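Dear colleague,

I am passing on the structure below, and after it I set out what was found. Please read the notes with the coordinates open beside you.

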Amino acid sequence: MLISSPLNAALNAQVGHEFSASLQYLEIATYFAREGWAKLAAHFYRQSDEERDHALRLVKYVTETGGELVIPMIPAPQHEFASVEEAVRLSLEWEQTVTQQFNRLMDIAISEKDYLAQGFLGWFVREQLEEVSGMEGLLKLVQHAGEKNLVYVETLIGKGKPDQE
Ligand SMILES: [Fe+2]
Ligand SMILES: [Fe+2]
């Protein structure tokens with residue numbers, strides 16, 4: 001057994017948050033698709049897949065360290081969005097919250113002197129730099145373009161602007 005029960009419980013909760021993010025990004029992807037923004041939709045389908053991958057990383061860690069995975073209830077994601085900007089802002093706020101969640105998980109690992117968990121969680125802490133800065137960049141782009149000129153955002157995402165991929 002390489003995991004404490006408080007950390008096991010906190011990681012199980014985080015598995016729920018990652019699946020929540022995955023479902024939320026799926027809702028946003030289909031909203032963009034309905035509105036005719038194909039590249040933005042594709043971008044959020046990818047984000048949804050990434051969040052599922054994050055959940056699986058946590059699942060495997062809990063299992064390999066001898067813990068017990070219990071997936072919590074996942075609340076329904078937000079379905080209605082007033083605008084593309086609102087959907088992207090929601091995503092940025094989500095990523096900022098997730099950053100705090102991983103900082104708290106790291107706090108637990110540090111207080112328990114769990115060096116294995118600290119190494120494992122370090123990847124997520126670093127990953128949030130890309131997640132938050134990428135979403136911030138996208139929000140700025142959407143705001144600069146305005147709702148009527150989102151076609152420019154589509155063009156930039158299509159060209160593979162690095163922090164939008
Ligand atoms: Fe994530
Ligand atoms: Fe994320």
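**What was found**

For a chain of 165 residues, a compact globule would have a radius of gyration near 15 Å, and the chain has 17 Å, which agrees; the radius of gyration is taken over C-alpha atoms, and the globule rule is 2.2 Å times the number of residues to the power 0.38. Please bear in mind that this is a predicted model, in which local features need pLDDT of at least 70 and side-chain atom pairs count only at pLDDT 80 or more, while totals for chains, interfaces and linings use all residues. Residues are numbered from 1 along each chain as its sequence is written, and chains are lettered from A and ligands numbered from 1 in the order in which they are written.

Turning to the overall fold, the chain holds five helices and zero strands, and from the N terminus on its elements run α-α-α-α-α; helices (H or I, at least four residues) and strands (E, at least two) are DSSP runs, numbered from the N terminus. Taken along the principal axes, the box filled by the C-alpha atoms is roughly 55 × 25 × 20 Å. Of the 165 residues, 32% count as buried, where a residue is buried if 20 or more other C-beta atoms lie within 10 Å of its own, exposed if 12 or fewer, and partly exposed in between, with C-beta atoms placed from the backbone. Among contacts with a separation of 6 or more, 76% are between residues 24 or more positions apart; two residues are in contact if their C-beta atoms, placed from the backbone, lie within 7 Å.

Helix H1 covers residues 5-35, and at 1.5 Å a residue its 31 residues should span 45 Å, which agrees with the 45 Å between its end C-alpha atoms; the expected span is 1.5 Å times one less than the number of residues. H1 is followed by Gly 36, which has a positive phi near 90°. The buried residues of H2 include Leu 40, Phe 44, Gln 47, Glu 51, His 54, Leu 58 and Tyr 61. In general, an α-helix has 3.6 residues a turn, so residues three or four places apart point the same way. Just after H2, Gly 66 takes a positive phi of about 90°.

H1 and helix H3 (residues 84-111) pack at an angle of about 170°, with their axes 11 Å apart; axes are lines fitted to C-alpha atoms, for helices over the stretch in contact, and angles run from 0 to 180 degrees between N-to-C directions. The two helices are therefore roughly antiparallel to each other, given that angles under 35 degrees count as roughly parallel, over 145 as roughly antiparallel, 65 to 115 as roughly perpendicular and the rest as oblique. Among the residues that make the contact are Leu 7, His 17, Ile 28 and Phe 32 of H1 and Val 84, Trp 94, Leu 105 and Ile 108 of H3. The residues of this contact divide into 14 nonpolar, five polar and no charged, where Ala, Val, Leu, Ile, Met, Phe, Trp, Tyr, Cys and Pro count as nonpolar, Asp, Glu, Lys and Arg as charged, and the others, Gly among them, as polar.

Several other residues of H3 deserve a note. Glu 95, in H3, counts as partly exposed, with 19 C-beta neighbours inside 10 Å. Leaving aside neighbours within four places in sequence, Glu 95 is in contact with Gln 128, Glu 131, Val 132 and Met 135, and its C-alpha atom is 6.5 Å from that of Glu 131, 36 residues away along the chain. Glu 85, also found in H3, is partly exposed with 16 such neighbours inside 10 Å, and it touches Val 142, Gln 143 and Glu 147, not counting residues up to four places away in sequence. Glu 93 of H3 counts as exposed, with 12 C-beta neighbours inside 10 Å, and its C-alpha atom is separated by 9.2 Å from that of Met 135.

Finally, Lys 113 lies in the loop between H3 and helix H4 (115-145). Its phi is near 55°, a positive value in a residue other than glycine, and Lys 113 is exposed, with 8 other C-beta atoms within 10 Å.
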